[in-house]
Amino acid sequence: MTSRKPSLIVVPQQPASRPPDPEVLPKASRRAFSAAEKLRILHEADTCTQPGQIGALLRREGLYSSHLVKWRRLRAAGQLQALTPQPRGPKPTPPDPLVAELAQVRNENARLQARLAQAELIIDVQKKVAQLLGASLPTPRSDERS
């Protein structure tokens, strides 16, 4: 058995006077097909009669067969507008009308509670003034109170 000698790996280095290339490569983006393009491709696929023509169409357009299946289902369901590309990500939730109404009712309740507290304070002051002056206030009957 022979022993191996360590090999020396030479890595070419750039000259010190030349800075690295600052160019940023563009980020790949998803392809988006318009409804017209999807319908055109579906029409071409529907006119294919010979074996292998659909495969050639898919290779030429850079598609998968699952695209055709999905687009055909949408077309059959009559959802032409569904053939337009949809934005990705979570869908925004519409504002609940009950939330605004609840906030309005809470604000009104707080306002009425403050007015009630003020009215009770005024009534207590009137009772104390009447006691100091020795005047008797009429007491409400039990059938008037609710």
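Residues are numbered from 1 along each chain as its sequence is written. In this predicted model, local features need pLDDT of at least 70 and side-chain atom pairs count only at pLDDT 80 or more, while totals for chains, interfaces and linings use all residues. Helices are DSSP runs (H or I, at least four residues), numbered from the N terminus.

The largest nonpolar core consists of nine residues: F33, I41, L42, A45, L57, L58, L63, L68 and W71. Such a core is a set of buried Ala, Val, Leu, Ile, Met, Phe, Trp, Tyr and Cys residues joined through side-chain atoms within 4.5 Å, where buried means under 20% relative accessible area (1.4 Å probe, protein chains only).

The largest contribution, three residues, comes from α1. Beyond its neighbours within four places in sequence, I41 is in contact (heavy atoms within 4.5 Å) with F33, L57, E61, L63, L68 and W71.

The axes of α1 and α2, lines fitted to C-alpha atoms over the stretch in contact, come within 9 Å and cross at roughly 155°. The two helices are therefore roughly antiparallel, a term for angles over 145 degrees. R40, I41, E44 and A45 of α1 meet I54, L57, R60 and E61 of α2 in this contact.

Helix α4 (residues 97-133) has 37 residues. G134, with a positive phi near 80°, follows α4.

Conventions
Heavy atoms only, no water. Expected span 1.5 Å × (residues − 1). Buried < 20%, exposed > 50% of the residue type's maximum accessible area, 1.4 Å probe, protein only. Axes fitted to C-alpha atoms, helices over the stretch in contact; angles between N-to-C directions. Parallel < 35°, antiparallel > 145°, perpendicular 65-115°, else oblique.
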